[in-house]
Amino acid sequence: MKTGLTRLLPYVLILLVTLALVWIDKPFWIQLAIGVAITAITALAWDILSRTGQVSLGSAAFFGIGSYTLAIFEPLIGLTLAWVAVVVVCALAATLLGLLTLRLRRMYFAIATLGFALSMQVLVVVFPDWTGGSGGIAPPVLADGDPRWQLGLIGLLLLAAVALSDTLLGLRFRPAFFMIRTKPELAAASGVPVVHMKIFAFIVSGVLIGLAGACYGGLYGYVVPTDVFTTNWSVLPLAIATLGGMDTTIGPLLGAIVLKALEEVARSVIGGTGYQVVYGAVIILFVIGMPQGIVGLLRKAGKLAGRRTATGEKKKERERHA
Amino acid sequence: MESTLLVQSLLLALTTAGLYAAIASGLTLEFGVTGIINFAHGEFVMLGAFLTYFLYEAVGVPPLAGMVLSGLAMTALSWLVFDGFLSRVLKQDEHNQILATIGLSILLINLAMIAWTPDARVMHAPPLLPPLQLGDVIVPGNNLVVLLVGIALYAGMIWFMRHTRQGLLLRLAADDPQLAVLAGVDVTRMFRLSFLIGGLTAGVSGGLVALILYVQPLVGVDLVMRAFAIVALGGLGSIGGALIGAVLLSAAENLTATFVPGGGSWGYGVAFVIIVLVLVVRPTGLFGSERRA
């Protein structure tokens with residue numbers, strides 16, 4: 001088991017960094033931190049879903065649904081209830097997609113979720129009366145447009161996502177998720193409610209991504225469908241979680257920081273067109289060089305330093321799942 | 001008038017179906033043999049389109065010859081990509097497999113954007129065939145070429161799979177990789193071969209794209225999304241299903257664009273409604289088998 005101190009590390013770091021940035025008040029760093037936090041939330045949410053063996057390419061659907069729900073409901077029922085609506089609508093969409101894709105395995109699941117995300121984008125364009133069509137829509141501005149408060153709020157959401165991820169990695173859920181992922185029949189036979197758990201993970205994941213999307217829409221108070229429903233928001237969470245290290249909380253956080261930092265460098269070197277070439281390059285290098293992600297590499301480094309033997313690690317892993 | 005519109009729409013659908021079938025069958029072959037969905041398949045088509053375009057506009061190579069050269073170039077690139085990195089991903093977890101080809105796709109799209117700007121280009125080649133007039137309905141010559149070459153590619157692939165020794169070995173590696181190993185088949189070679197064939201068909205399809213569509217860095221994304229729908233319809237790994245899927249999809253798309261008000265803006269939305277519906281009803285596609293799922 002991890003010691004209490006390392007467990008608290010992500011929380012302390014997020015709090016300190018957020019407070020420090022709000023204190024220093026440099027617009028560039030605040031915007032960068034907001035970008036990192038939003039992508040980190042989506043990556044954590046994606047990772048939570050993947051722990052039940054559901055490798056999704058549909059995150060963009062929830063990201064977009066979140067921002068659109070906030071924008072559509074705010075004039076109707078007020079700001080507070082509109083945020084509640086974001087949670088409810090995303091939970092419903094997640095339940096629907098979860099049930100639809102329940103029987104799909106591996107690549108079929110990935111393609112169906114990708115299809116769901118892209119049909120959402122088309123849906124928005126086809127019903128312009130509700131959604132503003134391709135011209136976009138105006139969600140309420142987050143925190144009256146003060147970047148420091150925006151960062152604060154998004155930082156809080158990130159803390160919540162970290163806490164959720166940690167809870168789901170705890171003794172109560174992790175063994176069940178692990179079994180559902182590796183041996184679903186065995187899980188069902190030993191009394192794990194497989195369907196409930198899968199849908200539950202879908203809902204947690206979908207709501208988190210939806211809230212991140214609503215925050216994103218509120219940054220400038222204006223979104224277009226190609227901005228929030230773009231396949232980027234489906235690929236980024238997968239890329240970040242995998243690069244950082246799946247099935248961990250710290251992995252998606254590290255992955256978000258590394259990828260966003262590289263993106264900034266690439267943007268200043270290459271310019272606005274084609275800077276995402278760095279994503280492609282990094283992904284390929286990582287998949288070849290460190291398929292277990294940054295966390296996997298750190299673990300390996302720890303092992304080489306002689307702190308744990310290979311078998312000891314396996315045994316501990318097994319004890320953790322038992 | 002209504003019926004002319006219908007026939008015109010269906011005929012044009014049939015010609016694009018040729019292109020779709022050629023692209024989707026390469027994708028489905030690669031998946032059937034290796035179990036990896038090549039998300040970068042569309043980018044090979046895109047590169048083939050640019051190559052055919054530049055060969056014609058800059059050097060004056062006729063489009064048909066350009067197509068063949070593009071096919072060969074993409075075969076070579078597939079070889080490089082497979083031996084360079086895809087072969088190392090084959091044994092990894094599925095999220096890494098998905099990520100690997102997505103990474104390649106992002107890399108190629110953005111390199112194309114840096115090299116050639118995101119702007120759309122049109123190849124100004126004269127039509128390769130005279131237009132076909134059937135009563136009131138006119139089919140442009142280039143669409144005929146697309147149909148003919150697309151069908152030829154598809155038929156060639158079916159023939160290769162059914163009537164050659166390599167095709168037989170490919171099918172064995174796809175059906176049961178373990179048995180193939182026991183039978184002394186070099187499975188890695190078969191995996192490579194499936195990607196080489198996929199690259200070849202993608203490159204030639206790229207030449208077809210240059211004939212009837214705009215040449216731009218994102219053209220592959222549009223096409224590969226449709227190929228996913230076709231493959232979902234036909235069953236992942238089923239080359240026979242790819243043609244049926246292609247005809248169904250392009251008929252559905254063209255009919256929507258013609259008869260639904262504002263249906264032209266649905267684009268590949270039609271494809272995705274189809275994907276989701278088909279997979280809900282039959283999780284392995286209309287003609288797919290359970291095995292690879």
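## Contact between chains A and B

The contact between the two chains takes 37 residues from chain A and 39 residues from chain B, where two residues are in contact if their C-beta atoms, placed from the backbone, lie within 7 Å. This is a predicted model, in which local features need pLDDT of at least 70, side-chain atom pairs count only at pLDDT 80 or more, and totals for chains, interfaces and linings use all residues. Residues are numbered from 1 along each chain as its sequence is written, while chains are lettered from A and ligands numbered from 1 in the order in which they are written.

## The side of chain B

On the side of chain B that touches chain A, two or more residues each come from α3 (63-89), α4 (94-116), α9 (219-234) and α11 (269-281) of chain B. Helices (H or I, at least four residues) are DSSP runs, numbered from the N terminus. The most is given by α4(B), with 15 residues.

By class, this side has 28 nonpolar, nine polar and two charged residues. Ala, Val, Leu, Ile, Met, Phe, Trp, Tyr, Cys and Pro count as nonpolar, Asp, Glu, Lys and Arg as charged, and the others, Gly among them, as polar.

## Helix α12(A) against α4(B)

A:V235, A:L238, A:A239 and A:T242 in α12(A) meet B:H95, B:N96, B:L99 and B:I102 in α4(B).

The axes of α12(A) (residues 232-244) and α4(B) come within 10 Å and cross at roughly 120°; axes are lines fitted to C-alpha atoms, for helices over the stretch in contact, and angles run from 0 to 180 degrees between N-to-C directions. The two helices are therefore oblique, the class left after angles under 35 degrees (roughly parallel), over 145 (roughly antiparallel) and 65 to 115 (roughly perpendicular).
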